[in-house]
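Please look at the picture for a moment, and then we will go through it piece by piece.

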There are 2 protein chains.
Amino acid sequence: MRHFEDFKVGEVTEIGPVSVSEEEIVEFASRYDPQPFHIDPEAAQASPFGGLIASGWHTTALFMGMFVRAILLDSASLGSPGVEEIRWTAPVRPGDKLTGRVTVTDVQPSERNANRGTVFTTSEVFNQDGTLVMSLNARGFFARREG
Amino acid sequence: MRHFEDFKVGEVTEIGPVSVSEEEIVEFASRYDPQPFHIDPEAAQASPFGGLIASGWHTTALFMGMFVRAILLDSASLGSPGVEEIRWTAPVRPGDKLTGRVTVTDVQPSERNANRGTVFTTSEVFNQDGTLVMSLNARGFFARREG
């Protein structure tokens, strides 16, 4: 199990893949982002996107699923205080197969709690054509091994 | 229908409420964020959170549902390029009833496209006790009325 000390600046981890269907795009957005271009194929066709696209929040959720299964589940994760600079750079469409790349950009031991530290990451998500569809900078708390 | 010109800096809109059940917390997280403190009540009890909590991405999705239904569905929304500074400031737990407050912080006509502009917002989400559980700064594209 990975602890705070095991994350090294510059380390890169490939995550995924995960595929997304039209059914899942519509199901997610019907509940959480019911804009016509996320839930109605005909309205989406007439929109600037030219077809159904996934909610940006669905893309973050799909990213998180890959990140958790590749990294967090085998770690001493203690949650996250926040995220910076989410960029949705290209639409995610039905049938897309996404992969991700997570780069550790900084590690900081907690000043208040000797038992934990913060790991800073920059993550990128690509579709099957290699197009960047999302990027974000995140932070996560991890327990220290000696904690 | 609200267009770009209808958003005024300083305008505040109350959104919600939305309630979240243990079943929905576990369902969302099982797919998108299967960390033990989101999907396993017993493991969550033993975690620093002292019980099951919603994925932060579930909280963003719940916020988006309120935001879309209160504001975006009756607007000329053209999607969003990104979000800044998501902060998960307190846990969201089963049975919580969330509300939100959206404040328009800036409006900028597009320099490249005379038919649209960007609206900047700061949003806060509170639980039934008035505790801030999340904040974020977002941007959205909207068509101009004369576009």
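Before I name any element, let me say that helices (H or I, at least four residues) and strands (E, at least two) are DSSP runs, numbered from the N terminus. What you see is a predicted model, in which local features need pLDDT of at least 70 and side-chain atom pairs count only at pLDDT 80 or more, while totals for chains, interfaces and linings use all residues. Residues are numbered from 1 along each chain as its sequence is written, chains are lettered from A and ligands numbered from 1 in the order in which they are written, and side-chain values use heavy atoms, with hydrogens and water left out.

Let me begin with chain A as a whole. Chain A has four helices and five strands, and along the sequence these follow the pattern β-α-α-α-α-β-β-β-β. The C-alpha trace of chain A spans about 55 × 30 × 25 Å along its principal axes. Of its 147 residues, 50% count as buried, where buried means under 20% relative accessible area, exposed means over 50%, and partly exposed is in between, with a 1.4 Å probe and protein chains only. If we take contact to mean heavy atoms within 4.5 Å, then among the contacts in chain A between residues at least 6 apart in sequence, 70% join residues at least 24 apart.

How are the two chains related? A rotation of 180 degrees, with 0.0 Å of shift along its axis, superposes chain B on chain A with an RMSD of 0.0 Å. That is the relation of a two-fold axis. The copies are superposed here by least squares on the C-alpha atoms of residues with pLDDT of at least 70 in both. The residue of chain B that comes closest to the rotation axis is Glu84(B), whose C-alpha is at 2.6 Å. Of the interface residues of chain B, 100% are also interface residues in chain A, so the copies meet through the same surface.

Next, a pair of helices. Two packed helices are described by the angle between their axes and the distance between the axes. In chain A, the axes of helix α1 (residues 22-32) and α4(A) come within 9 Å and cross at roughly 115 degrees; axes are lines fitted to C-alpha atoms, for helices over the stretch in contact, and angles run from 0 to 180 degrees between N-to-C directions. α1(A) and α4(A) are therefore roughly perpendicular to each other, given that angles under 35 degrees count as roughly parallel, over 145 as roughly antiparallel, 65 to 115 as roughly perpendicular and the rest as oblique. Which residues meet there? From α1(A) come Glu24(A), Ile25(A) and Phe28(A), and they meet Trp57(A), His58(A), Ala61(A) and Leu62(A) in α4(A).

In chain B, helix α1 (residues 22-32) and helix α4 (residues 56-70) pack at an angle of about 115 degrees, with their axes 9 Å apart.

Is Thr59(A) buried or exposed? With a relative accessible area of 3%, Thr59(A) is buried, and, leaving aside its neighbours within four places in sequence, it is in contact with Ala54(A), Trp88(A), Val92(A) and Met134(A). Thr118(B), in strand β4 (residues 116-126) of chain B, is buried as well, with a relative accessible area of 13%.

Finally, some backbone details. Most residues other than glycine have a negative phi, and most peptide bonds are trans. In chain A, however, a cis peptide bond joins Gly16(A) and Pro17(A), with omega about 5 degrees, and Pro17(A) is found in strand β1 (residues 12-19). In chain B, a cis peptide bond joins Gly16(B) and Pro17(B), where omega is about 10 degrees. Glu85(A), in strand β2 (residues 82-88) of chain A, is not a glycine and yet has a positive phi of about 50 degrees; it is partly exposed, with a relative accessible area of 41%. For Glu85(B), phi is near 50 degrees, a positive value, and at 42% relative accessibility this residue counts as partly exposed.
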